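Me: I would like to understand how the words used for a protein model follow from its values. Could we go through a few of them slowly?

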Amino acid sequence: MKKYKIGAVVAEFNYEVTMLMMERAKAEAEFLGVEITKEIKVPGCFEIPMATKKLLEDKNIDAVITLGAVITGETKHDEVVIAQASRKIMDLGLDYGKPVGFGITGPGMTELQAMDRIEKGRDVVDTVVKMLQRLE
């Protein structure tokens, strides 16, 4: 398999969850023989699209994974954040013609539910690698 170069954007908000997601992503990348060559940490999920765009502009990056956890608060803010971020992340993948893995969990999750979903970090690496292989 070609040694793909993957960029990663990780939200620092709910970092106790997202750092575990990133650990799973790195382990899966190593297992698959691909490399996460650049990692950008952003304050929260709302900032993920801008950093994703920056990585997609890099000709040495084949795909990007996005990792975040949107946990429910007292308002519907979580729904707004994930709706806007997910739409823009999808658009960026289409605009740049590179796979972008959506590894943001939520909305409507408790912190415990978010911890139960840390394997999304692994899954999103699998997804972009499959897309890279199938689009060759």
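Reply: Let us begin with contact, which means heavy atoms within 4.5 Å. Please keep in mind that this is a predicted model. In that sense, what covers the buried residues of helix 2 includes strand 1, strand 2, strand 3, helix 3 and strand 4.

Me: Which residues of helix 2 are the buried ones, and what puts them on the same side of helix 2?

Reply: The buried residues of helix 2, which runs over residues 48-56, are I48, P49, A51, T52, L55 and L56. They cover an arc of only 165° around the axis, and therefore they lie on the same side of helix 2. The face turned away from that buried side carries the exposed residues M50 and K54.

Me: Why does N14 count as buried?

Reply: Buried means under 20% relative accessible area, and N14 has 15% relative accessibility, so N14 counts as buried. N14 lies in the loop between strand 1 and helix 1, and its phi is near 65°, a positive value in a residue other than glycine.

Me: What makes strand 2 and strand 4 the edges of the sheet?

Reply: The open sheet has 4 strands in the order 2-1-3-4, with parallel pairing. Strand 2 and strand 4 each have a single partner strand, so one side of each is left without a neighbour in the sheet. From one strand to the next, the twist averages 15°.

Me: How do you know that strand 1 and strand 3 pair?

Reply: Two strands pair if at least two bridges are found between them, and strand 1 and strand 3 have 5 bridges, so they count as paired, in the parallel sense. Within strand 3, V64 is the bridge partner of G7.

Terms used. Residues numbered from 1 in each chain as written. Predicted model: local features only at pLDDT ≥ 70, side-chain atom pairs only at ≥ 80, totals over all residues. Heavy atoms only, no water. Buried < 20%, exposed > 50% of the residue type's maximum accessible area, 1.4 Å probe, protein only. Helix = DSSP H or I, 4+ residues; strand = E, 2+ residues; numbered from the N terminus. Arc of directions from axis to C-beta. Axes fitted to C-alpha atoms, helices over the stretch in contact; angles between N-to-C directions.
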